[in-house]
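Subject: Structure handover

Hello,

Here is the structure I promised to pass on. Please open it beside this email and follow along.

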Amino acid sequence: MISASMRYKNFTWHHNPKTLKIKNSKKTINLSYPYSYTEAEEMFNEKAVIEGEGELFGENCIEQFNNLCRLFSSKNKGILSIGGIPSFEAYFTKLELLCEPKNNILSYSFQFTECSSKEKRDTVANYYIAQSEETLWDISYKCNIPIETLAKLNPGYKRPDSVKEGDRVVLC
């Protein structure tokens with residue numbers, strides 16, 4: 001279960017997806033030894049793929065889907081934040097309308113692909129000075145601290161996107 005709202009770039013899901021699948025895999029090769037045995041050897045971690053399905057609700061469900069379409073059309077990678085797992089950079093690689101809107105409900109599916117395996121960053125400072133247009137999600141990613149932890153350490157922020165430039169955000 002996702003405890004915090006899912007977020008990508010500047011878009012926050014008002015209702016988290018109904019289903020979410022995170023696929024992690026490793027590339028391996030089989031080594032064969034003549035007249036002996038075969039063994040698998042791990043080569044590298046492949047990029048994570050995040051897939052899911054959700055519903056958009058309300059009279060503006062088509063407008064919400066159009067906002068997702070615009071986000072999908074943007075070319076650059078962004079930070080994907082899903083409650084309970086560390087944020088990471090990803091591309092929005094698939095968006096599909098699953099049915100015609102009925103009773104102000106629209107179903108859709110999506111896919112994100114990790115840009116690269118993010119190295120863990122050690123946090124040295126006890127606080128972080130927010131830059132222009134940064135959110136707690138951005139700071140969570142940059143400092144490798146779960147968004148839930150930042151929210152608990154900084155109860156003055158009622159919303160993760162209410163951080164202002166120059167704010168001192170507590171990290172530990």
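This is a predicted model: local features need pLDDT of at least 70, side-chain atom pairs count only at pLDDT 80 or more; totals for chains, interfaces and linings use all residues.

Every value below is computed from it.

**Helix 1**

Start with helix 1, residues 61-73. It has 13 residues. From its first C-alpha to its last it reaches 18 Å, close to the 18 Å expected at 1.5 Å a residue.

Which residues of helix 1 are buried? They are Cys-61, Gln-64, Phe-65, Leu-68 and Leu-71. These residues lie on the same side of helix 1, because they cover an arc of only 110 degrees around the axis.

What do they pack against? The partners are strand 1 (7-8), strand 2 (11-12), strand 6 (49-57), strand 8 (88-97) and strand 9 (105-114).

**Cys-61**

Cys-61 is placed in helix 1. Its relative accessibility is 3%, so Cys-61 counts as buried; the cut-off for that is under 20%.

Set aside the neighbours within four places in sequence. Cys-61 is then in contact with Leu-56, Pro-101, Asn-104, Ile-105 and Leu-106. Take Leu-106 from that list. Along the chain, Cys-61 and Leu-106 are 45 residues apart. Their C-alpha atoms are separated by 6.2 Å.

**The cavity**

Now look inside. The count comes to one cavity of 30 Å³ or more. The largest cavity has a volume of about 40 Å³.

Which residues line it? The lining of the largest cavity consists of Phe-11, Trp-13, His-14, His-15, Leu-56, Gln-64 and Tyr-108. By class, that lining has four nonpolar residues, three polar and no charged. Two names come back here. Gln-64 is among the buried residues of helix 1, and Leu-56 is among the contacts of Cys-61.

**The pocket**

The largest pocket has a volume of about 380 Å³. How many residues line the largest pocket? There are 20, and Ser-5, Thr-12, Trp-137, Arg-159 and Pro-160 lie nearest its centre.

Several elements contribute to the lining of the largest pocket. Strand 2, helix 1, helix 2 (136-143) and helix 3 (147-153) each supply at least two residues. The lining of the largest pocket divides into eight nonpolar, seven polar and five charged residues.

**Gln-111**

Strand 9 came up above as a packing partner of helix 1. Gln-111 lies in strand 9. Is Gln-111 buried or exposed? Gln-111 is buried, because its relative accessible area is 17%, and the limit is under 20%.

Leave out residues up to four places away in sequence. Gln-111 then touches Val-49, Ile-50, Glu-51, Tyr-91, Phe-92, Thr-93 and Lys-94. Tyr-157 is another matter. Gln-111 and Tyr-157 are 46 residues apart in sequence and 30 Å apart in space, C-alpha to C-alpha.

**Loops**

- Asn-10 is in the loop between strand 1 and strand 2. Its relative accessibility is 64%, so Asn-10 counts as exposed. Asn-10 and Ser-109 are 99 residues apart along the chain, and their C-alpha atoms are separated by 19 Å.
- Ser-116 sits in the loop between strand 9 and strand 10 (127-129). At 40% relative accessibility, Ser-116 counts as partly exposed. Ser-116 and Ala-48 are 68 residues apart in sequence, but 8.4 Å apart in space, C-alpha to C-alpha.
- Asn-103 belongs to the loop between strand 8 and strand 9. Asn-103 counts as exposed because its relative accessibility is 76%. Its phi is near 50 degrees.
- Asn-144 is found in the loop between helix 2 and helix 3. Its phi is near 55 degrees.

Why point out those phi angles? Most residues other than glycine have a negative phi. The phi of Asn-103 is positive, in a residue other than glycine. The phi of Asn-144 is positive too, again in a residue other than glycine.

**Where to begin**

I would open helix 1 and its buried residues, among them Cys-61. Then go to the cavity lining, which includes Gln-64. Finish at the pocket, with Trp-137 among the residues nearest its centre.

Best wishes

Methods
Residues are numbered from 1 along each chain as its sequence is written. Side-chain values use heavy atoms; hydrogens and water are left out. Helices (H or I, at least four residues) and strands (E, at least two) are DSSP runs, numbered from the N terminus. The expected span of a helix is 1.5 Å times one less than its number of residues. Buried means under 20% relative accessible area, exposed over 50%, partly exposed in between (1.4 Å probe, protein chains only). The arc is that of the directions from the helix axis to the C-beta atoms. Contact means heavy atoms within 4.5 Å. On a 1 Å grid over the protein atoms alone, a cavity is a set of points where a 1.4 Å probe fits but cannot get out, and a pocket is an open set with protein on both sides within 12 Å along at least five of seven lines; lining residues have an atom within 4 Å of a point. Grid points are joined across faces, edges and corners, and a volume is the space filled by probe spheres set on the points. Ala, Val, Leu, Ile, Met, Phe, Trp, Tyr, Cys and Pro count as nonpolar, Asp, Glu, Lys and Arg as charged, and the others, Gly among them, as polar.
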